[in-house]
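Subject: Handover of a structure and the findings

Dear colleague,

Please find below the structure that I am handing over to you. My findings follow directly after it.

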Amino acid sequence: MAEKNTTTQDTINPNPERQAASPSPPPPAPVPLTPGPRASRLHQVFDQALARTLRANSYANFSGCFPTPAKHVPASLESVWRQLNAKLEESAKAEFDDIVYERDVVRQLNELDRLVGEARYRRDNGQGEGNIAPHTLGPEELYKAHLTPYLQEAQSTVNAKLQSTEKQNAELAQDIQSQRMEIQNLLSNLESVVADLDGAAAAATQFSKENGLRQETMQMDEEVKARPDI
């Protein structure tokens, strides 16, 4: 019977050491309902404020508002004053306790004490946000944590392509400017060549006219010489 129980236990938990070495942090301890430092300080401040209020309502101030009863029945007036202060103190404390209970003040202040203590411990031990377990993060934080590296890589790629394109555009603009200057120089040289050609054409035309007159003159001389009667 003992062997059967041992086998069943091993089947349910075959590797207890692996479970003990789980990276998941243990669940946080339940928040105690006993007032911690902040909750105790809150009660202390309330008690001090209430005590100052009751001291302000002293018998001298109270009896000054009722001079006739204070003169004729001071004991009765003092009894009323004591009952009034007691009722005021009782009502204030009951209302304060109701507010503390309804707002769950003690538990929340104790939780704040725990968070502050953990933050101080991480600060003193040099632990930053990078040591937070991923499974303790919310959905939005996990989404941003997984997406941010890809977005940063894509942004770096886009920036590199943009810089390369800007460099190419600058080189192309410089080449275009150089080609424009070259075209202007070619046009200037072409205008000079055209002017030279116009001058040469004009000279050739004038030479052709003069050469034609000379040939006509020589032809007329030959015709005159060829006539026998002259």
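A salt bridge is counted where a side-chain nitrogen of Lys or Arg lies within 4 Å of a carboxyl oxygen of Asp or Glu. Glu78 and Arg82 form such a bridge, with their closest N and O atoms 2.9 Å apart. Please note that the model is a predicted one.

Overall fold

The protein chain contains 8 helices and 0 strands. Of its 230 residues, 7% count as buried.

Salt bridges

Across the whole structure, a search finds 7 salt bridges. One of them joins the side chains of Asp113 and Arg38, at 2.5 Å from N to O. This pair links distant parts of the chain, since Asp113 belongs to helix α7 (residues 105-124) and Arg38 to helix α3 (residues 37-56), 75 residues apart. Asp113 has a relative accessibility of 15% and therefore counts as buried, the cut-off being under 20%. Arg38, at 34%, is partly exposed.

Glu78 is partly exposed, with a relative accessible area of 29%. Glu89 and Lys93 also form a salt bridge, their closest N and O atoms being 3.2 Å apart. These residues, too, are both in helix α6 and 4 residues apart, about one turn of the helix. Glu89 is partly exposed at 29% relative accessibility, and Lys93 is partly exposed at 36%.

Aromatic pairs

The search of the whole structure also finds 3 aromatic pairs. Among them, Tyr59 and Trp81 are arranged edge-to-face, with 5.6 Å between the centres and 70° between the planes. Tyr59 lies in helix α4 (residues 59-64) and Trp81 in helix α6, so this pair ties together parts that are 22 residues apart in sequence. Tyr59 is partly exposed, at 23% relative accessible area, whereas Trp81 is buried, at 15%.

Phe62 and Phe66 form a tilted pair, 5.1 Å centre to centre and with 55° between the planes. Phe62 counts as buried at 10% relative accessibility, while Phe66 is partly exposed at 37%.

Surface charge

Finally, Glu95, Asp97, Asp98 and Glu102 gather in a patch of negative charge on the surface. Asp98 is located in helix α6 (residues 74-102) and is partly exposed, with a relative accessible area of 46%.

Yours sincerely

Definitions and conventions: Residues are numbered from 1 along each chain as its sequence is written. This is a predicted model: local features need pLDDT of at least 70, side-chain atom pairs count only at pLDDT 80 or more; totals for chains, interfaces and linings use all residues. Side-chain values use heavy atoms; hydrogens and water are left out. Patches are made of residues with over 30% relative accessible area and no salt bridge: like charges are joined within 9 Å, nonpolar side chains (Val, Leu, Ile, Met, Phe, Trp, Tyr) within 5 Å. Accessible areas come from the Shrake-Rupley method with a 1.4 Å probe; for residues, only the protein chains shown count as cover. Lys and Arg count as positive and Asp and Glu as negative; His and the chain ends are not counted. The place of a charge is taken as NZ of Lys, CZ of Arg, CG of Asp or CD of Glu. Helices (H or I, at least four residues) and strands (E, at least two) are DSSP runs, numbered from the N terminus. Buried means under 20% relative accessible area, exposed over 50%, partly exposed in between (1.4 Å probe, protein chains only). Rings of Phe, Tyr and Trp (its six-membered ring) pair if their centres lie within 6.5 Å; planes under 30 degrees apart count as stacked, over 60 as edge-to-face and the rest as tilted.
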